[in-house]
Structure formats: structure tokens, C-alpha cells
Amino acid sequence: QKEVEQNSGPLSVPEGAIASLNCTYSDRGSQSFFWYRQYSGKSPELIMSIYSNGDKEDGRFTAQLNKASQYVSLLIRDSQPSDSATYLCAVPYSGAGSYQLTFGKGTKLSVIP
Amino acid sequence: EAGVTQFPSHSVIEKGQTVTLRCDPISGHDNLYWYRRVMGKEIKFLLHFVKESKQDESGMPNNRFLAERTGGTYSTLKVQPAELEDSGVYFCASSPAGNQPQHFGDGTRLSIL
């Protein structure tokens with residue numbers, strides 16, 4: 001059973017602060033990791049992908065991966081009210097030729113002006 | 001480039017009726033996925049098409065659900081007869097290749113009364 005765990009939150013941070021979102025996964029063989037952002041009633045939107053141990057930065061977003069600990073995180077610097085959304089951690093399972101995504105329940109982030 | 005589009009955005013039907021959901025993937029994307037999110041739970045995989053063929057349907061809950069992708073373009077997901085536990089948001093996603101990130105539609109919110 002492939003599992004992805006996230007703290008459901010809500011996580012509240014003041015505007016301008018760093019928001020830290022965490023995710024653990026059960027499949028030690030996983031190679032790819034994705035963060036999606038979902039506004040209420042909208043589609044999950046891919047914001048970060050990471051494949052190697054270490055950090056990957058894209059603008060105000062930094063994804064961190066530690067395969068030994070089976071842990072992936074997302075940092076949002078200089079948080080803005082527009083960052084308020086649910087953040088989903090997703091891990092592809094590549095069995096049977098399918099790349100179905102296993103999702104966590106999501107962490108709801110609120111950025112307080 | 002148009003994104004993944006889903007129709008209808010909302011559907012309210014009575015138990016025992018039939019409903020058909022439609023998904024138009026991004027043009028040129030051979031891989032099409034269906035997912036579902038029931039209230040309070042994480043998004044879960046239903047099935048995966050590669051062109052018109054079902055690559056993996058291990059997530060389909062039972063034989064009341066029928067998915068098709070004739071011609072390898074748009075896909076439909078039919079629920080017949082609908083039961084109360086089928087309520088939720090049904091998402092469609094597509095990708096150019098199996099190991100590439102998936103792009104999601106806004107989903108169809110299905111309510112069974």
C-alpha cells in the first residue's frame with residue numbers, strides 16, 4: 001500500500017514569513033515527487049517537481065528531498081495572501097506501466113495579511 | 001494552449017440514476033487519468049488510459065463505473081446506477097508521456113441524493 005502523509009493543518013503564517021509544508025512517503029523506491037497547489041473549487045496546479053536529493057529552488061518556492069528519510073518538503077518564502085490554498089504532495093507509483101499519483105490529504109495554508 | 005477541460009462542473013442526481021462525466025485532455029497528451037476525491041479523503045486514482053487503451057484500471061471501485069476513450073481523444077466516465085457513496089469530485093488529468101507531470105482539470109462535483 002503506497003501512502004503519502006501530510007499534516008492537514010490549517011497552517012497559519014503572517015504575510016512575509018516562511019511557510020514550511022512537510023510530506024512523508026512509504027514507497028522507498030519512489031523517484032519523483034510533486035507539489036500541487038489547489039485553490040477552492042479549482043484544479044490542482046503543479047508548482048514544483050523534484051527528483052534528486054537536496055534542494056530545488058524556483059522563485060519563492062524551494063522543494064527539499066531526503067530519500068533516506070523518505071521526506072519531502074516545500075518552503076514558501078515571503079508568503080503572500082495569494083498563497084493561501086491547499087498544498088498537495090503527490091508521488092507517482094510506476095507499477096504496471098502506469099504513473100498513477102498517490103496524494104496526501106493536503107495541507108491548508110492561510111497567510112494572514 | 002487549452003488546459004484539461006471537464007464537463008459538467010457540477011451534477012446533482014438521484015440514487016439509481018445514470019451520470020456521464022466528460023474530460024478533454026490537453027491536445028497531444030496520450031496519457032489520460034481519472035481521479036476522485038470523496039469528502040474528507042485524499043484524491044485517489046481510478047484509471048489510466050494510454051491513447052484509447054486502458055493501461056491501469058486498478059482504482060475503479062466496482063463495475064458500476066465505466067470509462068471509455070474512443071479514438072484516443074476525450075474520455076467519458078459513466079456511473080450506472082449511482083449510489084450515495086459515489087458523491088465527490090472527479091478529476092481528470094493528462095500528460096504527454098507516462099513519467100511526466102500530470103495537468104489537472106477543475107473537476108466535476110458529483111452529488112448523489
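Two strands are taken to pair if DSSP finds at least two bridges between them, strands themselves being DSSP runs (E, at least two residues) numbered from the N terminus. The structure is a predicted model, in which local features need pLDDT of at least 70 and side-chain atom pairs count only at pLDDT 80 or more, whereas totals for chains, interfaces and linings use all residues. Residues are numbered from 1 along each chain as its sequence is written, chains are lettered from A in the order in which they are written, and side-chain values use heavy atoms, with hydrogens and water left out.

Strand 11 of chain A (residues 107-112) is joined by four bridges to strand 2 (residues 11-14), the two running parallel, and Leu11(A) stands opposite Leu109(A) of strand 11. Strand 9 (residues 85-93) is joined to strand 11 by three bridges in an antiparallel arrangement, with Thr86(A) and Lys108(A) as bridge partners.

Between the chains, 19 residues of chain A are in contact (heavy atoms within 4.5 Å) with 19 residues of chain B. Chain A and chain B bury about 1700 Å² between them, 54% of it on carbon and sulfur atoms, where buried area is the accessible area (1.4 Å probe) that two parts lose on being put together, summed over both. In chain A, Tyr99(A), Phe103(A) and Lys105(A) lose the most area to chain B, together 30% of what that side buries. Strand 4 (33-38) and strand 10 (100-103) of chain A each supply at least two residues of the side that touches chain B.
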